[in-house]
Amino acid sequence: MKLKNIAFLIMLITIQFSFSQSILKGKITDVANAPIPGANIVLTSNNAKQGVTSDFDGNFSIEVKNNGNYTLKISYIGFETFTKPVTVNTSNINLGTITLKESAESLQSVEIIGRKRKDYNSDYSFSATKMAIKNKELPQAVTTVTKELLADRQAFQITEAVKTVSNVAPTGLYNHFNIRGITQADDGQVINGMRTRQYYFLQPITSHLERVEVIKGPSSVTFSSADPGGTVNIVTKKPLDEKRREVSLTTGSFGTLRATADFTGPLNESKTLLYRFNAAYQDADSFRDVVNNNAVLFMPSFSYIPDENTSLNVEMIYNNAEGNLDRGQPIFGNINGEYDINSTPITMNVGASNDHYKTKELMFMASFNKKFTKNFGFNAQYMKQKWDEDLAEHRVDGTAVDIDGNVIPTLARMRYDQRQQFWETDNFSGYFNYNIEKTDFTNKVLVGYDATRWERKTGAGFLRARRYLTVSGGQANYDASNPDNYQQMVVNGVTMPVPAVPHFNLENPFNGSRNTNAYNVAELTIPANLTTSSGIYLQNQFKYGKFSALVNLRYEWFSDIFDYKGNEQEFKTNALVPRLGLTYEITNNISAYATYLEGFQPHTNTVSLSPSAESFFWGASPGRFDPLESSLKEFGAKGEFLNGKIFANIAYFDISQKNILIPGDDIYDFTTYTTRGEQRSKGFEMDVSGYIASNFQVIVSYGYNDAKIVEDAIEEYEGQRIGGAPKHNANFWGRYDFNNNILKGIGVGFGAQYVDERYTWYNPSYDANRVLLPDYTIFDAAVYYKPSNTGMQLTLKINNVFDDTYWLGGLNPSRLGPGAPRNFLLNATYKF
């Protein structure tokens with residue numbers, strides 16, 4: 001009898017459970033009635049939350065165990081979030097077709113509010129044309145690395161951020177790149193479309209960045225002075241109108257400890273005042289001897305949007321970094337015309353433990369947008385940047401020689417520098433825009449003015465010891481024909497001139513603290529400098545049917561005052577810069593384009609990175625020369641596939657650059673310089689990114705360039721490859737998240753990078769030797785764990801999985817940039 005009662009009770013419970021369980025289903029499409037697979041559907045009540053994703057046809061089905069009132073929220077990248085109250089009281093509820101509207105985020109005139117998408121794609125750019133324009137409509141190649149890709153790859157430095165971009169290769173250990181075969185020459189970074197001036201020898205933290213854009217080609221119509229290969233524009237995070245909070249902790253190899261925080265949301269109920277606060281702290285060593293990179297970063301920002309016609313954003317960046325200026329791995333001197341890159345370990349650094357490199361940066365930025373009418377508006381941006389440098393370093397100054405001038409390959413001749421500089425930069429950009437929008441015709445006109453002011457302040461200078469000591473107590477390059485002019489010493493039976501700084505022994509290295517007070521140092525002044533640049537420009541983008549055109553014309557005038565407020569020397573130059581781009585929509589998802597761009601760079605902006613003309617930075621103004629000129633011819637196609645989840649760009653380009661400064665017989669005789677240097681690069685590239693499936697994101701790129709030196713001070717280089725330019729590079733990164741019940745919450749990432757062989761790039765006429773660095777293929781991997789309903793994700797990232805030895809690039813034989821051996825990062829991120 002008891003067994004019958006128990007069976008009856010179980011039957012009642014089962015029936016009750018069956019009747020109380022309901023199925024909620026529906027279909028999700030866009031406004032064109034195309035299904036949206038992979039959309040997130042979340043059903044919440046006071047006590048529970050459950051969710052699913054839509055299938056390939058946009059359909060979804062949720063089993064609801066208890067009757068009651070729920071809130072249904074549907075979200076997908078690039079679309080507005082759909083919210084609907086739902087009452088569950090029957091066995092089945094069919095919501096029918098739910099249409100998601102495209103997000104209006106790309107309709108901002110300037111970037112005031114942050115990006116809501118959470119994937120590897122960013123389908124628009126503000127910086128390339130000073131207005132919001134979809135990448136598929138832009139007749140120019142732009143590759144974007146989003147914050148989601150940065151996080152998945154644990155890319156905390158810019159060199160790691162652009163690793164997946166076609167035809168971009170680092171030249172060494174700094175934040176400096178070869179793009180499309182042409183090595184960057186312009187000082188500073190472009191942040192939010194505005195140029196800064198600083199040395200990024202210490203890699204800055206990337207936690208405050210929304211995305212990194214590589215805008216290919218010489219974009220002087222937009223950025224004024226711009227490199228021919230492309231411009232790396234970093235975009236900072238902006239406030240959001242929804243509450244988001246995130247903290248992150250990271251540890252890993254080489255003593256890495258890092259913490260970041262990112263808070264954003266509205267400050268009032270009407271959501272007219274928004275805020276965002278980013279902070280980061282890093283304490284990190286390196287696989288390189290006596291190298292570290294410690295930093296503190298704060299970035300508060302506020303957006304004020306009182307109505308749909310007015311918006312204002314202000315932000316500030318404080319970045320205080322302290323570490324060592326890593327000049328790279330030295331290798332044994334030239335032996336029978338050859339260098340052996342394996343003659344020293346990749347960890348070797350010639351620095352001392354009492355060397356340091358300290359930089360402090362403070363930046364204020366403001367963006368303002370006002371619509372006077374539906375079609376007519378005004379936009380303005382302003383940036384103020386202050387940057388201080390405090391440097392003490394030992395570095396290689398060349399090869400050591402004996403008294404007869406013969407190279408001693410196991411010794412590196414050294415120099416010592418103590419340097420301080422104080423820089424201040426101001427940027428302003430203002431423009432009016434007028435839009436005409438008809439059913440089959442649109443025309444967007446933009447007229448504006450830009451101004452930049454950069455000042456190296458009075459008080460900059462350095463102490464320097466280098467070369468060899470003369471009998472009179474001075475310092476000079478060694479002249480083997482006059483050995484009696486130099487102090488001499490005998491080491492291990494070898495007579496040699498006495499160096500101003502003791503040689504570094506490559507066979508028996510010493511990186512301890514060195515007594516720099518014993519050096520015979522010279523006291524040198526860095527003259528104050530003031531450079532100003534102003535430009536007026538006209539831009540017109542019009543579209544008729546499937547055809548559109550982008551036409552720009554910019555007139556720029558530039559002034560350089562050397563020894564500002566002293567014995568002033570002023571030099572002026574100007575340039576007229578055009579751009580013409582045409583786009584044709586082959587289908588709704590595929591467009592072809594062609595573009596012609598010109599660029600210019602006053603030499604004042606480039607000499608500190610020039611292999612041949614670096615001495616101008618201290619001794620005279622290079623503003624006396626005609627500026628660098630460049631041009632680009634580009635043809636390509638862009639496409640969106642799988643309902644906009646995959647974006648692809650292919651391009652063929654032809655770049656030329658001329659008026660490169662080259663010296664005569666004496667690099668220190670400024671009167672012998674001419675501007676007859678020329679380079680050219682032709683190539684092809686492809687970038688593909690997006691969702692292959694709702695749980696599988698990828699980014700794939702390939703680049704080829706034929707980069708040649710056309711004219712150079714070193715005649716044997718003519719016709720050879722440009723230094724730092726690999727002919728081929730290819731990249732892959734993918735993240736796959738398991739969605740079955742057993743492995744749900746676990747994801748895996750996998751990446752590979754191939755870089756072809758390339759020469760060291762820094763080859764002035766007084767040291768013409770180049771080293772050919774081998775090609776390499778590096779693999780990275782990651783594992784992600786995301787516990788359900790916790791807001792937390794754990795990431796284990798392994799870089800250089802197979803522990804290969806490779807070189808990112810190099811400046812010269814004494815300054816190679818080796819890549820890191822196998823290392824790991826463990827990160828915990830909590831969103832709440």
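In the predicted model, the side chains of Arg395 and Glu393 form a salt bridge, with an N to O distance of 3.9 Å. Arg395 has a relative accessibility of 10% and therefore counts as buried. Glu393 has a relative accessible area of 2% and is likewise buried. Glu393 also takes part in a salt bridge with Arg327, at 2.9 Å from N to O. This second pair joins distant parts of the chain: Arg327 belongs to the loop between β22 (310-323) and β23 (356-371), whereas Glu393 is in strand β24 (residues 376-401), and the two are 66 residues apart. Arg327 and Glu393 are both buried.

Because Glu585 is located in strand β36 (residues 569-585) and Lys543 in strand β34 (residues 529-544), the pair ties together parts separated by 42 residues in sequence. Lys543 has a relative accessibility of 25%, so this residue counts as partly exposed; the limit for a buried residue is under 20%.

Salt bridges also occur as a network, in which Lys384, Glu424, Asp426, Arg453, Glu455 and Lys457 are linked. In total, the structure contains 39 salt bridges. Charged side chains number 80 positive and 87 negative in the protein, and the centres of these two sets are 10 Å apart.

The secondary structure of the protein comprises five helices and 50 strands. Of the contacts with a separation of 6 or more, 66% are between residues 24 or more positions apart. Buried residues account for 54% of the 832 residues.

As to overall dimensions, the C-alpha trace extends over about 115 × 70 × 45 Å along its principal axes. The radius of gyration of the protein is 30 Å, which agrees with the value near 28 Å for a compact globule, because that value is the one that would apply with 832 residues.

Definitions and conventions:
Residues are numbered from 1 along each chain as its sequence is written. Side-chain values use heavy atoms; hydrogens and water are left out. A salt bridge is a side-chain nitrogen of Lys or Arg within 4 Å of a carboxyl oxygen of Asp or Glu. Helices (H or I, at least four residues) and strands (E, at least two) are DSSP runs, numbered from the N terminus. Buried means under 20% relative accessible area, exposed over 50%, partly exposed in between (1.4 Å probe, protein chains only). The radius of gyration is taken over C-alpha atoms; the globule rule is 2.2 Å times the number of residues to the power 0.38. Contact means heavy atoms within 4.5 Å. Lys and Arg count as positive and Asp and Glu as negative; His and the chain ends are not counted. The place of a charge is taken as NZ of Lys, CZ of Arg, CG of Asp or CD of Glu.
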